[in-house]
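Subject: Handing over a structure

Hello,

Here is the structure I promised to pass on. Please have it open while you read, and my notes follow below.

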Amino acid sequence: MLDAPFRHARRAASVAEMTTWDAAAYDASFSFVPALGVAVLDLLDPRPGERVLDLGCGSGDLTAAIAERGADVIGIDSSPEMIERARERFPHLDLRLADGHELDLDESVDAVFSNAALHWMTDPDAVLASVRTVLGDGGRFVAEMGAAGNVAQLTGALRAAAFRLDLDVDLELPWYFPTPAEQARRLEQVGFVVRLMEYVDRPTPLVDCPDGAAGWWRMFGPSVLEQVPAHRVDELLATVNEIARPQLVDASGVWVADYVRLRFVAEVR
Ligand code: BEZ
């Protein structure tokens, strides 16, 4: 029996693909995403001259940070809005519109890096097999992603709000949040040796995000909110904030998202 988040992911491939990003708003209000990715960048420890692929590079901050450490980096993202924004910000970088399920490079890379992106890619076996094909012998895959239990409060508040407002919708979520065992098994199945697999709660302050949980849903869940009649969305999100506030607002009044992460290093042997 698959766990609930994974069942959603399997059903929801088309919902994930429907997500359209507001890349400028993302940079303005969600800069904590690349900022918190520095921990996994340190784990990657890119070396001068290494070839690195940044999978799901978003608007490019960590791709630029990898380049600053002297590596030859290619950033890819499947969102045209994000790639356009990344190219505007970092015109000197090699940034490509591409799908992680079907990577295709002329030359292999020494490492694949990914921060906060893999959970958006809803056919995990295809993605891992695809990553494997671009890595040479000894290549490493270093990544952080949402894990089982990620955003459970945010998601629960949305479902509870829909129920309270009598909205007759079966909200499909576009994400894949595996357990450590599940992710390790998938990695091993395509030929990786798992060197590190961390499963950690990482409560994440939404410091610049306007309107708390509602703002989070507007940024990250447009494809979910599209399943709700448009004229009910404001009311739904106001109710989400009311329901989520006791769990997700800390003593100083800051909204804190209930993120749970998998951080892993896997090698080709
Ligand atoms: C995350 O980084 O865990 C995440 C971000 C947006 C939507 C879902 C999960």
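At roughly what angle do the axes of helix H9 and helix H11 cross? Before the answer, a word on the source: this is a predicted model, so local features need pLDDT of at least 70 and side-chain atom pairs count only at pLDDT 80 or more, while totals for chains, interfaces and linings use all residues. Residues are numbered from 1 along each chain as its sequence is written, and side-chain values use heavy atoms, with hydrogens and water left out.

Now the helix pair. The axes of H9 (residues 152–164) and H11 (residues 212–220) cross at roughly 95° and come within 11 Å. Helices (H or I, at least four residues) and strands (E, at least two) are DSSP runs, numbered from the N terminus. Axes are lines fitted to C-alpha atoms, for helices over the stretch in contact, and angles run from 0 to 180 degrees between N-to-C directions. H9 and H11 are therefore roughly perpendicular to each other (angles of 65 to 115 degrees count as such). Leu154, Thr155 and Leu158 in H9 meet Ala213, Trp216 and Trp217 in H11, where contact means heavy atoms within 4.5 Å. The residues of this contact divide into 5 nonpolar, 1 polar and no charged; Ala, Val, Leu, Ile, Met, Phe, Trp, Tyr, Cys and Pro count as nonpolar, Asp, Glu, Lys and Arg as charged, and the others, Gly among them, as polar.

Arg164 also belongs to H9.

E2 (residues 72–77) and E3 run parallel and are joined by 4 bridges, with Gly75 opposite Leu95 in E3.

Finally, the spaces. The largest pocket holds about 850 Å³. On a 1 Å grid over the protein atoms alone, a pocket is an open set of points with protein on both sides within 12 Å along at least five of seven lines, a cavity is a set where a 1.4 Å probe fits but cannot get out, and lining residues have an atom within 4 Å of a point. Grid points are joined across faces, edges and corners, and a volume is the space filled by probe spheres set on the points. Of the 49 residues lining this pocket, Trp21, Asp77, Ala116, Ala117 and Trp120 lie nearest its centre. H4 (32–36) gives the largest share of that lining, 4 residues. By class, the pocket lining has 26 nonpolar, 14 polar and 9 charged residues.

H8 gives the most to the cavity lining, with 3 residues.

Best wishes

Technical notes:
Two strands pair if DSSP finds at least two bridges between them. Angles under 35 degrees count as roughly parallel, over 145 as roughly antiparallel, 65 to 115 as roughly perpendicular and the rest as oblique.
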